[in-house]
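Trainee: I am new to this structure. Could you take one part of it and go through that part closely, then show me how it sits in the whole?

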Amino acid sequence: MTVPQRIMVLYCPELRWPAGPDRAAARLSERVIATMTAFCPTVEAVEPGVCAFGARGPARYFGGETALAGQVIAAVAELGVDSRVGIADGLFAARLAARDASPIRWIPPGGTAGFL
């Protein structure tokens, strides 16, 4: 039996590009991703304003998934960026959870089908 991969998605609505790339937003997005690498060295830039990483290992180090999410939000807030975090089994569900977060939306392991 395969254990689903736990994914954490950071969603920064203000870094979304509504009418094309903005250089200041692009630089700030790079700083956000660099900040995220302090928590996990393999961060994926999914789209402007959205990045993701595997949560299982970092969560063990930082005291659990919700504790890690709180630390991520605080680190990004130091850059002056508001953010939300979604945690779920798989990227799709974690992205949906992040967009619905206030500021953290945690979907329990195995609870993704019910969430969707």
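Mentor: Start at Thr112. Thr112 lies in helix H5, which covers residues 112-115. Keep in mind that this is a predicted model.

Is Thr112 buried or exposed? Its relative accessible area is 11%. Buried means under 20%, so Thr112 counts as buried.

Now look at what surrounds Thr112. Leave out residues up to four places away in sequence. Thr112 then touches Ala88, Asp89, Ala93 and Ile107. The side chain of Thr112 reaches the backbone nitrogen of Asp89 at 3.3 Å.

Next, step back along the chain to Pro103. Pro103 sits in the loop between helix H4 (91-99) and strand E5 (104-106). What is the form of the peptide bond from Ser102 to Pro103? That bond is cis, and its omega is near -10 degrees.

Strand E5 leads us to another residue. Ile104 falls within the range of strand E5 (104-106), and Ile104 is in contact with Ala69. Ala69 belongs to helix H3, residues 65-77. Its relative accessibility is 0%, so Ala69 counts as buried. Besides Ile104, the contacts of Ala69 include Met8, Val85 and Ile87, with neighbours within four places in sequence left aside. Compare Ala26. Ala69 and Ala26 are 43 residues apart in sequence. In space, their C-alpha atoms are 23 Å apart.

Now the whole protein. How many helices and strands does it have? There are five helices and five strands. Along the sequence they follow the pattern β-α-β-β-α-α-β-α-β-α. The radius of gyration is 13 Å, close to the 13 Å that the globule rule gives for 116 residues, so the protein is as compact as a globular protein of that length. The C-alpha trace spans about 45 × 30 × 25 Å along its principal axes.

Thr112 and Ala69 are both buried. Across the protein, 41% of the 116 residues count as buried.

The protein exposes about 6300 Å². Carbon and sulfur atoms supply 56% of that area. As for charge, there are 11 positive and 10 negative charges. Their mean positions are 3 Å apart.

Technical notes:
Residues are numbered from 1 along each chain as its sequence is written. This is a predicted model: local features need pLDDT of at least 70, side-chain atom pairs count only at pLDDT 80 or more; totals for chains, interfaces and linings use all residues. Side-chain values use heavy atoms; hydrogens and water are left out. Helices (H or I, at least four residues) and strands (E, at least two) are DSSP runs, numbered from the N terminus. The radius of gyration is taken over C-alpha atoms; the globule rule is 2.2 Å times the number of residues to the power 0.38. Buried means under 20% relative accessible area, exposed over 50%, partly exposed in between (1.4 Å probe, protein chains only). Accessible areas come from the Shrake-Rupley method with a 1.4 Å probe; for residues, only the protein chains shown count as cover. Lys and Arg count as positive and Asp and Glu as negative; His and the chain ends are not counted. The place of a charge is taken as NZ of Lys, CZ of Arg, CG of Asp or CD of Glu. A polar contact is a pair of N or O atoms within 3.5 Å; within protein, one must be able to donate a hydrogen and the other to accept it, and residues adjacent in sequence count only if both atoms are side-chain atoms. Contact means heavy atoms within 4.5 Å.
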